[in-house]
Amino acid sequence: MPTLLIVHHTPSPNCQAMLEAVVSGATAPEIENVEVVRRPALSATASDVLDADAYLLGTPANLGYISGALKHFLDQIYYPCLDATRGRPFGYYVHGGSDVTGAVRAIDAITTGLAWRRAAQPVTVTGEPGKADIEACWELGATLAAGLME
């Protein structure tokens, strides 16, 4: 069964709302025969990445960059997963208080280095997520998971 790995750093209620929407979309009743695995960024491993078929990353924008937790995860898996995961689909969401530009740039640069294939547009939110933002997160999760259906 194909696996979608959701790796997230969720330190705030806003990030939690986005994560819950992503998971809800990825596990919607229409999604069949796809395993969804959730891991906090500080406990996700290279084995988790190698065992998955697609990835969904979630992070706050902290001081103009991705969270230290997500950066640590990406640093740990970069070389062990570099060759084996080339071309795998991924998506991401970012929440910031006022600006997410640096975090988006960092994720794009790192995933380009990994040669992962962006399978959906990222969801970026500043301030409190509104209804449209939560719906976009749901769609992000559903899109990534549906792309794995056989």
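**Figure 1. Pro60 lies in strand 3.** Helices and strands are DSSP runs, numbered from the N terminus, where a helix (H or I) has at least four residues and a strand (E) at least two. The structure is a predicted model, in which local features need pLDDT of at least 70 and side-chain atom pairs count only at pLDDT 80 or more, while totals for chains, interfaces and linings use all residues. Residues are numbered from 1 along each chain as its sequence is written, and side-chain values use heavy atoms, with hydrogens and water left out. Pro60 has a relative accessible area of 5% and is therefore buried. The term buried stands for under 20% relative accessible area, exposed for over 50%, and partly exposed for values in between, with a 1.4 Å probe and protein chains only. Not counting residues up to four places away in sequence, Pro60 touches His9, Pro11, Cys15, Tyr65, Ile66, Ser67, Val94 and His95; contact means heavy atoms within 4.5 Å. Pro60 and Ser47 are 13 residues apart in sequence, and their C-alpha atoms are 24 Å apart in space.

**Figure 2. Strand 1 (residues 3-8) is mostly covered.** Six of the six residues of strand 1 are buried. In a regular strand the side chains alternate between the two faces of the sheet. In strand 1, Thr3, Leu5 and Val7 point one way and Leu4, Ile6 and His8 the other way, and all are buried. Strand 1 and strand 2 (residues 35-40) run parallel and are joined by six bridges; two strands pair if DSSP finds at least two bridges between them. The bridge partner of Ile6 in strand 2 is Arg38. From strand 1 the chain crosses through helix 1 (residues 13-26) to strand 2 in a right-handed β-α-β crossover. Right-handed means that, with the strands pointing away from the viewer, the path from the first strand over the helix to the second runs clockwise. Strand 1 also pairs with strand 3 in the parallel sense, over five bridges, and here Ile6 stands opposite Leu56.

**Figure 3. Strand 5 (residues 89-96) is covered on both faces.** Pro89, Gly91, Tyr93 and His95 on one side, and Phe90, Tyr92, Val94 and Gly96 on the other, are all buried. Strand 5 pairs with strand 3 (residues 54-62) in the parallel sense over six bridges, and Tyr55 stands opposite Phe90. Strand 6 (residues 117-118) runs parallel to strand 5 and is joined to it by two bridges; in strand 6, Arg117 is the bridge partner of Pro89. Four bridges join strand 5 to strand 7 (residues 123-126), and these strands also run parallel. In strand 7, Thr126 stands opposite Gly96. Strand 5, helix 4 (residues 101-114) and strand 6 make a right-handed β-α-β unit.

**Figure 4. Ring pairs link Tyr55, Phe90, Tyr92 and Trp116 into a cluster.** A pair of aromatic rings is described by the distance of the centres and the angle of the planes. Rings of Phe, Tyr and Trp (its six-membered ring) pair if their centres lie within 6.5 Å; planes under 30 degrees apart count as stacked, over 60 as edge-to-face and the rest as tilted. The count by this rule comes to four aromatic pairs. The rings of Tyr55 and Trp116 are stacked, because their centres are 4.3 Å apart and their planes are at 20 degrees. Tyr55 lies in strand 3 and Trp116 in the loop between helix 4 and strand 6, so this pair ties together parts that are 61 residues apart in sequence. The rings of Phe90 and Trp116 have their centres 6.0 Å apart and their planes at 50 degrees, so this pair is tilted. It links Phe90 in strand 5 with Trp116 in the loop between helix 4 and strand 6, 26 residues apart. Tyr55 counts as buried at 1% relative accessibility, and Trp116 counts as buried at 7%.

**Figure 5. Thr111 lies in helix 4.** Thr111 counts as buried at 2% relative accessibility. A polar atom of its side chain lies 2.7 Å from the backbone oxygen of Ile107. Not counting residues up to four places away in sequence, Thr111 touches Leu57, Phe90 and Trp116.

Terms used:
Polar contact = N/O pair within 3.5 Å; in protein donor to acceptor, adjacent residues only side chain to side chain.
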